[in-house]
Protein chains: 2
Amino acid sequence: MPKKNILYAQSGGVTPVINATACGVIETARRHRDRIGTVLAGKDGIIGVLAEELIDTARERKRDIAALRHTPGGAFGSCRYKLRSIEDSRAEYERLIEVFRAHDVGYFFYNGGGDSADTAYKVSQIGARLGFPVQCIGIPKTIDNDLPVTDNCPGFGSVAKYVAVSIMEASLDVASMASSSTKVFILEVMGRHAGWIAAAGGLARRERGEPPHVILFPEIPLDEKAFLARVDRAVKRHGYCSIVVSEGVKNPRGQFLSDAGTRDAFGHAQLGGVAPVVAEMVKSALGYKYHWAVSDYLQRSARHVASKTDVEQAYAMGSAAVKLALQGKTGVMPIIERVSDEPYRWKVGEAKLARVANREKKMPRRFISRDGFDITPAARRYLEPLIRGEDYPPYDRHGLPRYVRLRNQLVAQKLAPFSP
Amino acid sequence: MPKKNILYAQSGGVTPVINATACGVIETARRHRDRIGTVLAGKDGIIGVLAEELIDTARERKRDIAALRHTPGGAFGSCRYKLRSIEDSRAEYERLIEVFRAHDVGYFFYNGGGDSADTAYKVSQIGARLGFPVQCIGIPKTIDNDLPVTDNCPGFGSVAKYVAVSIMEASLDVASMASSSTKVFILEVMGRHAGWIAAAGGLARRERGEPPHVILFPEIPLDEKAFLARVDRAVKRHGYCSIVVSEGVKNPRGQFLSDAGTRDAFGHAQLGGVAPVVAEMVKSALGYKYHWAVSDYLQRSARHVASKTDVEQAYAMGSAAVKLALQGKTGVMPIIERVSDEPYRWKVGEAKLARVANREKKMPRRFISRDGFDITPAARRYLEPLIRGEDYPPYDRHGLPRYVRLRNQLVAQKLAPFSP
């Protein structure tokens, strides 16, 4: 059997550890040179695959590939581009197969969220139908932690750690000054439809009364009166109130509290700036001086405070994809299976892409306290192991992390141009 | 000579390392038990001193005092409260002396910025006049780096490191996605009147063309046309544009781009939210999709990514204050003197408070590029040593930093209540 190449592509929003997955793919593939050719990577994700812009990772130095493990962002580029149904996007699916055929691609690894799992699943179907079967493997990645079947998603743990550490630190600041200055601090975090990231802020509180005092979840329509009462109580009891708010918080009519009005390529509303809205709500009702922060991309690129658990899982998912490929699997995704909470143990499992695709895992209601402003002990048991351990990037002598920039050299094109 | 106590108070906005200074004061004082009594700390700063709410640090465990070195925020509380002239605030100055007398305070250490240096200076004058001479020592602290005489201010280096690391990481994220998604990223940082913090963002760029591509300083009135041209050029050349903007940026008419309209206790305008203003400017003129982050208190509490240089200097300033006190000095402040840039060497110096008080050190114009959107090599030479080295806090097994919370037990009050 001739050696086939792997084609790896990153999809959607990047994470602090998606490159750790790429590192796992490439390093593991390089250990199986007898059976795997090279690892090609789509430049800017699936868009580069369609355009036949394929990066040859064999031309990268071993140490640069190793450095992917600690480099945030997406080293080959990513994109938000969703292939529609096979009927609607037939030409694109056929183009993918054409590219695979031209570059001896036997394995297609698509590293992303639910949309990407769906695409990988469809590609696995069409390849067989077009007489060029490709083993399609999805690799989980999303800071939103909203993929089903897998216990958690690589990328989430590090964002969770960033949020928990950040609200803990900022709360120490606010607590110091509250007697004469800012009394309410609001940290806005990502999480469009699921409150996983906001929930992680709750981990900063180890004892009753500690911050954060309020968490606003997208799952719970904002009861303004109850919220303000809770803020006021926290200020009166502790001198200040520390709040984590998800960008996806909605009012009781189901509207986002802050909707910038624009939409991304997937048709999702582009959000941002709910923190100032909540701040003004507090100020006008209670009169407290406030400060707010919007961490935005900082939270999903903060490799400097990554979770060691997360880095290890992200790497393991990449490595497992190669092993699944070598076992002849297709239409599957490696997943994280939790063996136990305490001590935390996990192992690599496997799920059919059809079960993962296009399904969003909401946070269970039992993870949110009855009043809707806090996490429960069950949530804490689930979340806490995911932020465990530190995994610092190396720093140079100038005090900055040594993040790698790859050469990203393209292989020669063999096909006619394609316009999607 | 009977042993006198030290009274230590934190003032103004806290920093990631102000507690390292407190640690330096207390640990050094404890090594001179033959000559120094205890270290008392004002609860919530000078307000607590006026209210005779004094924390007895002798009742804290040795290991908790040691943990101050890696704990952000202000461990005893701080406040924004400025004593006016001796004529206008005579009762308050007299009250301070009364409290000092009642609690055997021979040394008053005021840890803050320019306003605090001014207060410490005035207290040193009035003590002698009222027949109770107290040795008054200012200890520098401000993330704004705007104190004169000292080469740099403890607190600034860690904020600078946070900003440089954050813009470096977020830019890797944006670069990954720019071909199909966000093209402009804006990070808003603190710095009301001086662009030191914004300038630190420039350290993230090691080679030409690397991010950040634009820095907006409070020192340079925003030339909107030139700014937009520069953003457009960066997007066309690099695919994206990464921007660091100071909260204090003004338009050519001298108005803050975003002024929340409220004022703090010192009468300074409370700013916030210039990033979305700049983002909309870009969007409406150039049409690029944007994201923005406002790091706010996160930047000044991010002890998890502190500069080792900064931590060492903060500690050294606290330690030096005790030594100056033991040498009989008053009306002085320990300062950082730079011996050389490369290799970076510094030593502890000493300045008269009268020279430090109420003077703001602006960033020299020669630190800003001619076009006003970048830092110069001179700025880089100055800034770069200040973010050198990592000094991580210890983490617990749950993945969170072990920040200490002190007991903060007050000594018994001896005086009648006082209302300022």
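Colleague: What should I know about numbering and confidence?

Modeller: Residues are numbered from 1 along each chain as its sequence is written, and chains are lettered from A and ligands numbered from 1 in the order in which they are written. The model is predicted, so local features need pLDDT of at least 70 and side-chain atom pairs count only at pLDDT 80 or more, while totals for chains, interfaces and linings use all residues.

Colleague: How are chain A and chain B related?

Modeller: Two copies of a chain are related by a rotation about an axis and a shift along it. Here a rotation of 180° with 0.0 Å of shift along its axis puts chain A on chain B, with an RMSD of 0.0 Å (least squares on the C-alpha atoms of residues with pLDDT of at least 70 in both). The two copies are thus related as by a two-fold rotation axis. Of the residues of chain A, Val294(A) comes closest to that axis, at 2.5 Å for its C-alpha.

Colleague: How many residues of chain A are in contact with chain B?

Modeller: Two residues are in contact if their C-beta atoms, placed from the backbone, lie within 7 Å. By that rule 60 residues of chain A are in contact with 60 residues of chain B. The largest share of the side of chain A, 13 residues, comes from α6(A). By class, this side has 30 nonpolar, 18 polar and 12 charged residues (Ala, Val, Leu, Ile, Met, Phe, Trp, Tyr, Cys and Pro are nonpolar; Asp, Glu, Lys and Arg are charged; the others, Gly among them, are polar). 100% of the interface residues of chain A are also interface residues in chain B, so the copies meet through the same surface.

Colleague: At what angle do helices α8 and α9 of chain A pack?

Modeller: Axes are lines fitted to C-alpha atoms, for helices over the stretch in contact, and angles run from 0 to 180 degrees between N-to-C directions. Helix α8 (residues 224-238) and helix α9 (residues 274-286) of chain A pack at about 75°, their axes 11 Å apart. That makes α8(A) roughly perpendicular to α9(A) (65 to 115 degrees; under 35 is roughly parallel, over 145 roughly antiparallel, the rest oblique). The contact of α8(A) with α9(A) has six nonpolar, no polar and two charged residues.

Colleague: How do α1 and α11 of chain A cross?

Modeller: The axes of α1 (residues 18-30) and α11 (residues 308-326) of chain A come within 7 Å and cross at roughly 40°. That makes α1(A) oblique to α11(A). Their contact has 13 nonpolar, five polar and no charged residues.

Technical notes:
Helices (H or I, at least four residues) and strands (E, at least two) are DSSP runs, numbered from the N terminus.
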